[in-house]
Amino acid sequence: MTNHLFSLVRDGVPDPAKTVIETPEGRRYSYADLIARSGAYAAALRAAGVETGDRVAVQVEKSPEVIFLYLGAVRAGAVFLPLNTAYTPAEIGYFLNDAEPAVFVCDPGRRDALAEAAAGVRRIWTLDGAGGGSAAEAADRAGDAGSAFADVPRGPEDLAAILYTSGTTGRSKGAMLTHDNLASNARTLVDFWRFTADDVLIHALPVFHTHGLFVATNTVLASGGSMLFLPRLDPKLILSLMPRASVLMGVPTFYTRLLKEPGLTPEAAGGMRLFVSGSAPLLAETHRAWQARTGHAILERYGMTETNMSTSNPYAGDRVAGTVGFPLPGVSLRVVDPETGAALGPDAVGMIEVKGPNVFLGYWRMPEKTAAEFRADGFFITGDLGKVDDRGYVHIVGRGKDLIISGGFNVYPKEVETEIDALPGVVESAVIGLSHPDFGEAVTAVVVGGPGCPDEAGVQAALEGRLARFKCPKRVLFVSELPRNTMGKVQKNLLRDAHAELYRD
Ligand code: AMP
């Protein structure tokens with residue numbers, strides 16, 4: 001048996017001397033470097049006692065080393081577990097307790113702050129954004145063992161990664177992704193989006209999330225292409241790199257920010273062949289503005305941590321603004337009545353369910369939650385509401401569970417509300433997402449305060465350090481009572497309507 005996921009990378013290597021990753025400072029790594037360095041991490045992890053199936057949890061700044069560490073963990077037969085860099089020590093403590101990793105790799109600057117959260121982990125390594133730290137040193141020491149590392153055999157159904165989703169009830173769930181979930185999706189995207197070894201992707205997404213780590217990276221590696229690897233979204237830098245690139249993958253915020261750059265012209269984007277957007281809804285308005293400015297129709301696709309990519313607008317056909325295209329080859333998608341599970345016809349809005357090799361194995365150590373989110377015939381209940389039109393295009397019309405997507409990150413209101421409600425003087429709160437020109441949606445809290453309740457700045461200050469920055473409300477509004485329906489449920493739709501213009505410029 002081979003290592004199912006890593007074989008995809010090995011088999012895709014064009015010329016080992018070819019550059020696979022280049023940084024803005026001009027550091028270049030060849031495919032041969034990628035094989036050697038990931039082998040060094042794999043050898044170092046095994047030498048540190050990591051066994052097949054063990055988790056390797058990682059909360060570090062983006063750098064090429066993270067990609068080598070990810071591939072090293074996969075080659076070592078371990079389960080890679082990336083964590084959002086914005087998570088606070090309290091949040092990290094929950095993940096480490098739940099996942100029980102054999103190794104935790106963190107930024108050297110946060111080592112002390114995370115000591116308590118990571119107290120139960122056998123080995124703690126560090127890795128900084130420049131590629132230094134004890135993890136990199138352990139890989140350096142692996143030497144010959146690294147270059148000779150024999151990939152640990154892993155089959156299609158074995159676990160390759162766990163990615164935590166935001167929890168609707170305050171508890172995050174670890175989505176277990178198999179080697180074939182990732183490998184099959186990468187192969188499908190290579191074919192569907194026509195990736196070849198000639199492609200150069202501008203990679204400015206975070207690598208702790210499915211979009212940057214799997215959709216972007218795996219697709220490039222499986223096609224033998226290369227990446228211009230940016231630490232973060234930098235519109236001016238992206239524009240300056242376009243003449244050397246062929247593809248950009250981003251969340252909608254990438255496109256709204258780039259549209260503010262006067263340098264975005266048909267000439268600047270002339271050499272590019274593909275712009276992909278996903279992770280949150282792209283406004284039809286942004287799609288049209290982009291086409292007018294660059295001559296390119298953004299290709300919007302839809303997926304989630306649990307399912308990898310499920311649908312995509314066509315490469316050659318009509319890329320319809322406001323839709324997420326068709327189910328990808330091999331993926332079955334249906335829209336059903338959320339209550340009864342009965343399949344609905346064209347244009348009827350219901351729950352989107354998907355099935356295919358892309359769909360995850362289940363939630364880590366949560367068999368009841370897993371069982372509750374799958375139908376008996378194997379379809380996964382996504383939690384997204386949508387419809388399929390008479391041409392077969394899928395539309396996402398809303399999100400069940402009131403998920404907020406701010407700057408491409410998911411925020412579940414319940415988690416923020418719980419923190420606000422715990423503050424002295426707060427009677428109750430409702431957290432909603434409001435349309436924001438930059439973030440897509442901005443987290444907004446509506447609070448009913450009693451005696452001693454803090455003011456807006458006070459609430460914001462109290463949440464800092466308790467919640468990741470992207471979850472903290474951009475604004476806090478005060479009301480005397482929350483609107484409720486006859487069943488006593490807070491009518492968030494009324495709050496959203498009443499404050500729809502809050503962030504309009
Ligand atoms: P995540 O697991 O962080 O990737 O978030 C997945 C969620 O993002 C999905 O369940 C959708 O609600 C949303 N999402 C992803 N892509 C799109 C899209 N193109 N349009 C609308 N919502 C999207």
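**Close-up 1. Aromatic pairs in the predicted model.** In this predicted model, 17 aromatic pairs are counted. One of them joins Phe-360 and Tyr-363. Their ring centres lie 4.9 Å apart. Their planes meet at 65°, so this pair is edge-to-face. Pairs count as edge-to-face when the planes are over 60 degrees apart. Are Phe-360 and Tyr-363 buried or exposed? Both Phe-360 and Tyr-363 are buried.

**Close-up 2. The pair of Phe-374 and Phe-380.** Here the ring centres of Phe-374 and Phe-380 are 5.4 Å apart. Their planes stand at 50°, so the pair is tilted. Phe-380 has 0% relative accessibility, and therefore counts as buried. The cut-off for buried is under 20%.

**Close-up 3. An aromatic cluster.** Which residues form this one aromatic cluster? They are Tyr-87, Tyr-94, Phe-95 and Tyr-164.

**Close-up 4. Charged ends over rings.** Two views belong here. In one, Arg-319 places its charged end over the ring of Tyr-315. The distance to the ring centre of Tyr-315 is 5.4 Å. In the other, the ring of Phe-439 has the charged end of Lys-474 sitting over it. That charged end of Lys-474 is 4.6 Å from the ring centre of Phe-439.

**Close-up 5. Polar side-chain atoms at the ligand.** His-209, Thr-305 and Asp-384 are among the closest residues to the ligand. How far is a polar side-chain atom of His-209 from an oxygen atom of the ligand? The distance for His-209 is 2.8 Å. In the side chain of Thr-305, an N or O atom is 2.6 Å from an oxygen atom of the ligand. For Asp-384, a polar side-chain atom lies 2.5 Å from a ligand oxygen atom. Taken alone, the ligand exposes 500 Å². The protein buries 95% of that area.

**Close-up 6. The shell around the ligand.** The ligand is surrounded by 17 residues. The closest also include Glu-300 and Arg-301. Which strands each supply at least two residues of this shell? They are β13, spanning 299-304, and β20, spanning 394-399. The largest share comes from β13, with five residues. By type, the shell holds seven nonpolar, six polar and four charged residues.

How values were computed:
Residues numbered from 1 in each chain as written. Predicted model: local features only at pLDDT ≥ 70, side-chain atom pairs only at ≥ 80, totals over all residues. Heavy atoms only, no water. Phe/Tyr/Trp six-rings, centres within 6.5 Å; stacked < 30°, edge-to-face > 60°. Buried < 20%, exposed > 50% of the residue type's maximum accessible area, 1.4 Å probe, protein only. Lys NZ or Arg CZ within 6 Å of the ring centre and 35° of its normal. Near = heavy atom within 4 Å. Polar contact = N/O pair within 3.5 Å; in protein donor to acceptor, adjacent residues only side chain to side chain. Areas by Shrake-Rupley, 256 points an atom, 1.4 Å probe, with all protein chains shown as cover. Helix = DSSP H or I, 4+ residues; strand = E, 2+ residues; numbered from the N terminus. Nonpolar A, V, L, I, M, F, W, Y, C, P; charged D, E, K, R; others polar.
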